There are 2 protein chains.
Amino acid sequence: MSTQATDLTVAVQDYLKAIYALESSEERVTTSALAGRMGVSAPSATAMTKRLAELGLVERAPYRGVALTDEGRRGALEVLRHHRLLESYLVDRLGLSLADVHAEAELLEHALSEELEAKIDAELGYPTHDPHGDPIPDRELRVTHGLQRTLIDLEPGDLATISRIPDGDPELLRYLGELGLVPGSEVELGAFAPFGGPVTVRTDTGEHAISRELAERIAAS
Amino acid sequence: MSTQATDLTVAVQDYLKAIYALESSEERVTTSALAGRMGVSAPSATAMTKRLAELGLVERAPYRGVALTDEGRRGALEVLRHHRLLESYLVDRLGLSLADVHAEAELLEHALSEELEAKIDAELGYPTHDPHGDPIPDRELRVTHGLQRTLIDLEPGDLATISRIPDGDPELLRYLGELGLVPGSEVELGAFAPFGGPVTVRTDTGEHAISRELAERIAAS
DNA sequence: GTGTTCGTTTAGCCATAGCTAAATTCGGTT
DNA sequence: AACCGAATTTAGCTATGGCTAAACGAACAC
């Protein structure tokens with residue numbers, strides 16, 4: 001009698017997605033981290049983690065935060081699969097911009113039936129990555145999450161292909177688009193300015209300097 | 001300060017849609033009719049009609065039912081536009097069956113942004129009718145709702161093209177599909193059996209007898 | 001005109017998911 | 001060992017949208 005993802009409320013699905021994302025950087029997810037990411041108050045997050053624990057979706061210890069159970073992770077991955085398939089479809093077939101597609105997919109991801117998910121997947125030829133370069137969990141919800149090299153891991157003079165860029169911030173994505181820093185584009189790494197200064201990259205659109213923090217969020221290989 | 005359709009909750013949008021549909025056959029929509037169509041108890045429907053009245057979406061008189069205001073009708077038509085554009089897109093571009101597309105569109109219609117709506121509309125070439133033959137409200141929410149002739153209005157021997165079939169019942173739609181009674185197909189009307197008996201129609205798939213009640217729900221011209 | 005019946009509404013409940021204010025606990029400092 | 005501050009939880013509230021049981025009103029029959 002395992003909980004079907006389709007039974008989960010929209011709020012529960014959103015929390016699972018948030019916890020999954022936060023788990024990539026921290027072992028256990030704290031109430032305040034979760035509240036911050038969800039844009040809700042800490043008491044609201046506490047209440048929800050209790051509900052998630054009752055549903056068997058997280059393992060919770062008071063004052064110790066939460067960690068996803070296998071079932072919770074499954075729920076998160078199903079939403080993520082929906083989200084990334086939708087992003088892929090909307091960019092590919094309806095010409096949405098890389099900058100705006102995240103918000104659209106966010107709206108639609110909870111309303112996608114398994115049947116339509118399968119149709120979209122087939123229609124796109126079973127894509128493995130969304131337009132931002134994030135991996136799409138497959139039908140069995142397996143996901144390749146090898147730690148990727150980012151621009152700051154490269155040496156000056158190295159040639160590389162952009163493989164992943166951040167997906168949530170439309171402003172940033174528009175900016176990266178202008179710089180020619182989009183998945184699939186070729187770049188040559190320039191100099192690292194001293195004292196933690198900017199990194200120079202050459203793209204199709206010329207030479208650009210970006211902060212190290214941003215460079216660290218862009219994967220290339 | 002008019003209420004934007006996007007502000008309306010999913011439940012409110014669903015009620016507006018239901019009231020709109022019921023208004024086509026009855027002047028005022030009663031609580032029980034609404035409750036029946038929404039699949040909720042009568043008290044729930046009463047409570048919602050009060051909320052709708054407070055929002056200025058219906059005109060309500062106790063024990064007298066409700067009628068949509070212009071704003072309420074606008075809300076209903078926006079949902080209907082979403083629904084029918086989605087049905088068109090899903091059948092056309094993703095190969096969903098006529099029988100199942102209604103349920104899919106129902107899921108997605110509340111999550112469709114105005115931007116995506118516009119993209120889909122353009123992509124399809126601004127369609128005027130959905131796959132069941134129902135008119136799609138245009139960007140200004142104008143809708144052509146001339147009373148159409150149905151199969152029982154024809155004479156034996158008449159030739160006609162199916163223009164609209166009922167959209168909600170997958171079983172019925174599958175049956176109509178087998179009979180070749182889908183929008184666009186040519187039919188020749190056969191005999192009316194006496195004493196309210198079935199109507200015979202000749203389609204691509206042969207001669208079929210259907211009840212008068214069903215014939216009345218199928219438009220042709 | 002009175003009564004009965006059916007439809008409608010009121011009253012009071014539940015779950016979800018949010019909030020603020022107040023209490024509590026954890027962990028580090030003295 | 002006691003204390004302090006920050007994080008967390010509890011307590012108690014709100015709104016939405018359901019429900020059942022009971023009260024009420026409208027309309028038709030007699």
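**Helix α7(A).** I started with what the buried residues of α7(A) pack against, and found β5 (199–203) and β6 (206–210) of chain A. This is a predicted model, which I kept in mind throughout. The helix spans residues 170–179 of chain A, and its buried residues are A:Leu173, A:Leu176 and A:Leu179. They cover an arc of only 120 degrees around the axis, so they sit on the same side of α7(A). I jotted down the general rule too: an α-helix has 3.6 residues a turn, so residues three or four places apart point the same way. On the other side of α7(A) I found A:Glu171 and A:Glu178 exposed. Next I looked at what follows α7(A): it is A:Gly180, with a positive phi near 75 degrees.

**Helix pair in chain B.** I then looked up α1 (residues 10–23) and α4 (residues 70–94) of chain B, which pack at about 100 degrees with axes 8 Å apart. Angles of 65 to 115 degrees count as roughly perpendicular, so that is what I call α1(B) relative to α4(B). From α1(B), the contact uses B:Gln13, B:Leu16, B:Lys17, B:Ile19 and B:Tyr20. From α4(B) I listed B:Gly72, B:Arg73, B:Gly75, B:Ala76, B:Val79 and B:Leu80. I sorted the contact residues into six nonpolar, three polar and two charged.

**Around DNA strand D.** α3(B) gives the most, five residues.

Key
Residues are numbered from 1 along each chain as its sequence is written. Chains are lettered from A and ligands numbered from 1 in the order in which they are written. This is a predicted model: local features need pLDDT of at least 70, side-chain atom pairs count only at pLDDT 80 or more; totals for chains, interfaces and linings use all residues. Axes are lines fitted to C-alpha atoms, for helices over the stretch in contact, and angles run from 0 to 180 degrees between N-to-C directions. Helices (H or I, at least four residues) and strands (E, at least two) are DSSP runs, numbered from the N terminus. Angles under 35 degrees count as roughly parallel, over 145 as roughly antiparallel, 65 to 115 as roughly perpendicular and the rest as oblique. Two residues are in contact if their C-beta atoms, placed from the backbone, lie within 7 Å. Ala, Val, Leu, Ile, Met, Phe, Trp, Tyr, Cys and Pro count as nonpolar, Asp, Glu, Lys and Arg as charged, and the others, Gly among them, as polar. A residue is buried if 20 or more other C-beta atoms lie within 10 Å of its own, exposed if 12 or fewer, and partly exposed in between; C-beta atoms are placed from the backbone. The arc is that of the directions from the helix axis to the C-beta atoms.
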